[in-house]
Amino acid sequence: MNAENNFIIESSPHLHHPDSTARIMLDVIIALIPAGIWGIFVFGFRAVAVLAVSIIGAVLGEYLMNKVFKRFTLSDFTAVLTGLLVGYNMPPAVPLFIPFVASLFAIIIVKWTFGGLGNNWMNPALGGRLFVFFSWTGMMTKWSAPCTKAFPDAIGGASPLGFVKTGMMDFTGSVSGPVEYMHQQGYPLNGYMDLFLGNCSGCIGEVSALLLIIGGLYLLYRKVITWEIPVCYLVSFSLFIWIFGGLKFNGNLFTGDVLFNLLSGGLMLGAIFMATDMVTSPLTSKGQIIFGIGCGFLTFLIRVYGSFPEGVSLAIVLMNMVVPLIDKFSHPRVFGVEPAKKGAKK
């Protein structure tokens with residue numbers, strides 16, 4: 001018998017992992033469910049309508065692109081996850097056409113214009129969110145008060161970050177930090193616990209830091225994400241806030257309120273569920289550390305010195321743009337191959 005007949009030649013990949021795209025997407029959806037249930041509890045059934053419209057828009061967009069490209073990708077649940085993340089990044093009272101448009105933009109423009117899953121250069125949900133944010137900024141920054149609280153008319157359900165940012169523009173006094181300022185101005189916040197549990201205004205899926213962290217731990221357990229991006233993102237952001245965050249309040253370095261900034265806004269949602277997107281984040285551990293630190297620095301810069309109270313979405317998208325550069329300079333050395341010397345002929 002010829003030895004050549006003992007070998008079966010097949011194309012790559014030669015090693016297969018038991019997890020499929022659908023299984024990974026389902027894990028992320030499962031990890032997000034507790035935060036979504038809490039958002040519905042806090043903001044009422046209006047939140048259900050926003051989430052439903054977001055998912056419908058994403059699935060419709062995916063279906064249309066499947067027709068155009070003659071493919072079927074609805075079964076991998078990527079569109080459902082994109083729609084869910086779009087909905088999580090929406091204020092509860094937003095007009096329903098906005099999450100629908102955001103999801104369509106995320107799928108058709110951000111995802112499929114570049115060739116579908118695996119080819120998009122930025123997170124589709126964040127792309128959709130930023131598109132509608134800059135198109136309908138007023139509607140995207142109109143917040144609802146939690147059903148568990150009665151907000152004074154003067155506050156109007158403002159998010160903690162938005163309330164502090166707006167107030168600090170005309171601030172001339174001296175307080176220790178944002179929490180003291182909010183108490184001084186009558187904002188109904190019972191300290192950090194409200195922020196940790198999610199008993200405050202904000203986007204539907206971002207308010208409960210506790211449930212988002214639990215979801216992140218589940219993803220780490222399932223090995224869907226690794227620690228580098230979320231940890232480096234949160235640590236670098238915290239460091240910059242601690243050093244410079246207190247300057248606008250008491251004028252002192254190393255007095256920034258780290259806990260308030262960690263628990264407010266979309267930081268946990270972005271750091272755990274969107275910055276870790278496999279397609280738009282670096283490939284290597286070293287690259288992911290660089291990426292996380294960059295996201296943390298840009299979020300700090302936009303949130304503290306920019307004109308917007310938030311900064312997570314824009315920071316992640318900006319870092320998505322430099323991922324190819326990060327991958328180029330952080331890729332591992334090929335074993336047995338000597339690195340090319342500078343100026344050497346190819």
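The second largest pocket of this predicted model is lined by 22 residues, and those nearest its centre are Met25, Leu81, Leu117, Asp277 and Met278. Its volume is about 420 Å³. The largest pocket, at about 550 Å³, is lined by 40 residues. The protein has 16 helices and 0 strands, and 51% of its 346 residues count as buried.

**Second largest pocket**

- Helices α1 (21–43), α3 (78–88) and α5 each contribute at least two residues to the lining of the second largest pocket.
- Domain 1 (21–140) and domain 3 (225–329) each provide at least three residues of this lining.
- The lining of the second largest pocket comprises 14 nonpolar, 6 polar and 2 charged residues.

**Largest pocket**

- Phe133, Thr141, Trp143, Pro309 and Glu310 are the lining residues that lie nearest the centre of the largest pocket.
- Two or more lining residues come from each of α5 (124–135), α6 (137–140), α7 (160–168), α13 (267–274) and α15 (312–321).
- Among the elements, α7 gives the most to the lining of the largest pocket, with 6 residues.
- By class, the lining of the largest pocket consists of 21 nonpolar, 15 polar and 4 charged residues.

- In soluble globular proteins, nonpolar side chains tend to be buried together.
- The largest nonpolar core holds 79 residues, of which Leu32, Met90, Tyr233 and Phe273 touch the most other members.
- Helix α1 gives the most to this core, with 9 residues.
- A second, separate core has 5 residues, including Ala58, Met65, Ala79 and Trp112.
- Beyond its neighbours within four places in sequence, Met90 is in contact with Val50, Ile98, Pro99, Ala102, Arg129, Val132, Met140, Cys203 and Ile204.
- Of the contacts in the protein with a separation of 6 or more, 74% are between residues 24 or more positions apart.

**Helix α15**

- Helix α15, which also gives two or more residues to the lining of the largest pocket, is mostly covered, with 7 of its 10 residues buried.
- The buried residues of α15 are Val312, Ser313, Ala315, Ile316, Val317, Met319 and Asn320.
- The cover over these buried residues includes α5, α11 (228–244), α13, α14 (285–305) and α16 (323–330).

- Ser159 is located in the loop between α6 and α7. Its relative accessible area is 9%, and because buried means under 20%, Ser159 counts as buried.
- Leaving out residues up to four places away in sequence, Ser159 touches Trp143, Tyr187 and Ser201. Of these, Trp143 is also one of the residues nearest the centre of the largest pocket.
- Glu180 belongs to helix α8 (residues 178–184). With a relative accessible area of 35%, Glu180 falls between the 20% and 50% limits and is therefore partly exposed.
- The C-alpha atoms of Glu180 and Phe249 are 10.0 Å apart in space, while the two residues are 69 residues apart in sequence.
- Pro324 is part of helix α16. Its relative accessibility is 56%, so Pro324 counts as exposed, the limit being over 50%.
- Pro324 and Pro282 are 42 residues apart along the chain, and their C-alpha atoms are separated by 7.6 Å.

- Most residues other than glycine have a negative phi.
- Lys223 is exposed, with a relative accessible area of 72%.

Methods. Residues are numbered from 1 along each chain as its sequence is written. This is a predicted model: local features need pLDDT of at least 70, side-chain atom pairs count only at pLDDT 80 or more; totals for chains, interfaces and linings use all residues. Side-chain values use heavy atoms; hydrogens and water are left out. On a 1 Å grid over the protein atoms alone, a cavity is a set of points where a 1.4 Å probe fits but cannot get out, and a pocket is an open set with protein on both sides within 12 Å along at least five of seven lines; lining residues have an atom within 4 Å of a point. Grid points are joined across faces, edges and corners, and a volume is the space filled by probe spheres set on the points. Helices (H or I, at least four residues) and strands (E, at least two) are DSSP runs, numbered from the N terminus. Ala, Val, Leu, Ile, Met, Phe, Trp, Tyr, Cys and Pro count as nonpolar, Asp, Glu, Lys and Arg as charged, and the others, Gly among them, as polar. Domain bounds come from an automatic or database domain assignment. A nonpolar core is a set of buried Ala, Val, Leu, Ile, Met, Phe, Trp, Tyr and Cys residues joined through side-chain atoms within 4.5 Å. Buried means under 20% relative accessible area, exposed over 50%, partly exposed in between (1.4 Å probe, protein chains only). Contact means heavy atoms within 4.5 Å.
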